[in-house]
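Here is a short report on one protein chain.

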Amino acid sequence: MESALVCSTAPRTTTSSLLKRRETPLDAPFHLSFSRNYEKCWGISLSFRKTKKYKVFNCNVKVEDEACELVNRVELSIGDGVDSIDAYLCNAVKNNNGTGILLLSDIFGFEDSFTRDFAYRVACNGYNVLVPDMFRGNPWRKDESKALFEQWIGSVDKQQVVRDIFTSTKWMANEFVAAGISRKFGVIGFCFGGGLLIDILAQDQGSEFDVGISFYGTRIDLSVASKIEVPLLLIAGDNDPLCPVDVLKEVENNANGCKMVVFEGRGHGFAHRPQSLEDDKDAEEAFLMMRNWLHDGLLSEN
């Protein structure tokens with residue numbers, strides 16, 4: 001554990017939190033106009049193809065600062081027919097930095113409000129964030145019996161999920177090329193998505209993704225960690241039986257450019273599903289670490 005960074009955060013006077021935001025009523029909704037807003041979501045007009053279908057989404061936005069004032073949020077479908085993938089896209093407009101982030105959800109899927117809140121916060125920092133529906137309309141339901149979980153997870157076609165992730169990445173890359181902007185991408189994953197991220201980076205080997213951040217990844221395949229070629233940040237708590245620290249340590253030892261950060265006393269999901277003020281403080285610290293990792297991997301000139 002010597003090389004891992006173990007975080008024990010001191011009390012802070014202010015927090016900017018998911019927990020805190022959820023206690024605040026949302027402002028009146030505004031409408032995302034397809035013709036005026038989405039076409040400008042990369043900072044310049046996109047060229048749309050007839051093979052894609054876009055559904056515009058009425059959303060409630062709590063404006064927390066000027067940078068977040070122009071974040072477009074759109075439901076869309078990528079591809080056609082049985083190969084189509086639903087997705088959720090958050091675009092920074094006012095401060096768009098021309099880079100893309102693929103966000104891989106936990107078992108509750110791309111429509112989960114905690115996942116979408118997190119995508120929104122990342123977009124507020126200038127990124128274009130795409131959240132694909134990895135479970136094709138069949139995520140784990142919170143009201144399901146835990147006794148059925150292994151049956152459900154066994155029904156998930158992991159190879160199809162991986163194909164959908166790379167299809168989503170290719171779509172984003174094509175849109176970047178059409179818009180004439182950067183083709184730098186990062187990938188973030190939580191829980192199931194955090195474990196799958198290890199496989200994605202191992203297969204990609206730096207072809208599409210320049211950086212990765214895995215939050216408390218589950219069911220990690222240690223045999224592929226040595227194939228990762230880009231900087232990888234692992235964030236977890238030391239009180240998380242679903243993501244043992246010793247497994248992350250193995251990834252850190254075998255993956256190139258990997259760093260592990262362990263938060264004392266934190267359990268599973270603390271960074272994007274904080275359940276207490278203590279979780280909330282460490283969630284904010286983890287978000288700042290993630291933001292710095294993305295900046296260094298995607299935006300830094302050094």
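## Fold and packing

Of the 302 residues in the chain, 52% are buried. The model is a predicted one. Its chain has 7 helices and 12 strands. Take the contacts in the chain with a separation of 6 or more: residues 24 or more positions apart account for 74% of them.

**Helix pairs**

Two packed helices are described by the angle between their axes and the distance between the axes. Two pairs are reported here.

Start with helix α2 (residues 113-124) and helix α7 (residues 277-299). Their axes come within 12 Å and cross at roughly 50°. The crossing of α2 past α7 is right-handed. On the α2 side, the contact is made by Phe118, Arg121 and Val122. On the α7 side, Glu284, Phe287 and Met290 take part. By class, the residues of this contact are 4 nonpolar, no polar and 2 charged.

Next come helix α4 (residues 158-179) and α5. Their axes lie 11 Å apart, and the helices pack at an angle of about 60°. This pair, α4 and α5, is therefore oblique too. The crossing of α4 and α5 is right-handed. From α4, the contact uses Lys158, Val161, Val162, Ile165 and Phe166. From α5, it uses Leu196, Asp199, Ile200, Gln203 and Asp204. The residues of the α4 contact with α5 divide into 6 nonpolar, 1 polar and 3 charged.

Helix α5 spans residues 191-204, and Gly195 lies in it. Is Gly195 buried or exposed? Its relative accessibility is 1%, so Gly195 counts as buried. What does Gly195 touch, leaving out residues up to four places away in sequence? The partners are Ser214, Gly217, Thr218 and Ile220. Take Thr218: it is 23 residues from Gly195 in sequence, yet the C-alpha atoms are 4.8 Å apart in space.

**The loop between β10 and β11**

Most residues other than glycine have a negative phi. Two residues in this loop have a positive one. Tyr216 sits in the loop between β10 (209-215) and β11 (232-237). Tyr216 is not a glycine, but its phi is positive, at about 35°. With a relative accessibility of 1%, Tyr216 counts as buried. Arg219 also lies in the loop between β10 and β11. Arg219 has a positive phi of about 50°, although it is not a glycine.

**Tyr127**

Where is Tyr127? It is in the loop between α2 and β8 (128-132). Tyr127 is buried, with a relative accessible area of 2%. Leaving out residues up to four places away in sequence, Tyr127 touches a list of residues that includes Asn91, Ala92, Asn97, Thr99 and Ile101. Also among its contacts are Cys90, Val122, Leu294, His295, Leu298 and Leu299. Val122 is one of the α2 residues in the contact with α7. Tyr127 and Leu294 are 167 residues apart in sequence, and their C-alpha atoms are 9.8 Å apart in space.

**Met260 and the cysteines**

Met260 belongs to strand β12 (residues 258-263). Its relative accessible area is 0%, so Met260 is buried. Leu232 is 28 residues from Met260 in sequence and 8.5 Å from it in space, C-alpha to C-alpha.

How many disulfides are found in a search of the whole structure? The search finds 0. Cys90, a contact of Tyr127, counts as buried at 0% relative accessibility. Cys258 is buried as well, with a relative accessible area of 14%.

**Accessibility side by side**

| Residue | Relative accessible area | Class |
|---|---|---|
| Cys90 | 0% | buried |
| Tyr127 | 2% | buried |
| Gly195 | 1% | buried |
| Tyr216 | 1% | buried |
| Cys258 | 14% | buried |
| Met260 | 0% | buried |

How values were computed. Residues numbered from 1 in each chain as written. Predicted model: local features only at pLDDT ≥ 70, side-chain atom pairs only at ≥ 80, totals over all residues. Heavy atoms only, no water. Axes fitted to C-alpha atoms, helices over the stretch in contact; angles between N-to-C directions. Helix = DSSP H or I, 4+ residues; strand = E, 2+ residues; numbered from the N terminus. Left-handed = near helix turned anticlockwise from the far one by under 90°. Contact = heavy atoms within 4.5 Å. Nonpolar A, V, L, I, M, F, W, Y, C, P; charged D, E, K, R; others polar. Disulfide = S-S within 2.5 Å. Buried < 20%, exposed > 50% of the residue type's maximum accessible area, 1.4 Å probe, protein only. Parallel < 35°, antiparallel > 145°, perpendicular 65-115°, else oblique.
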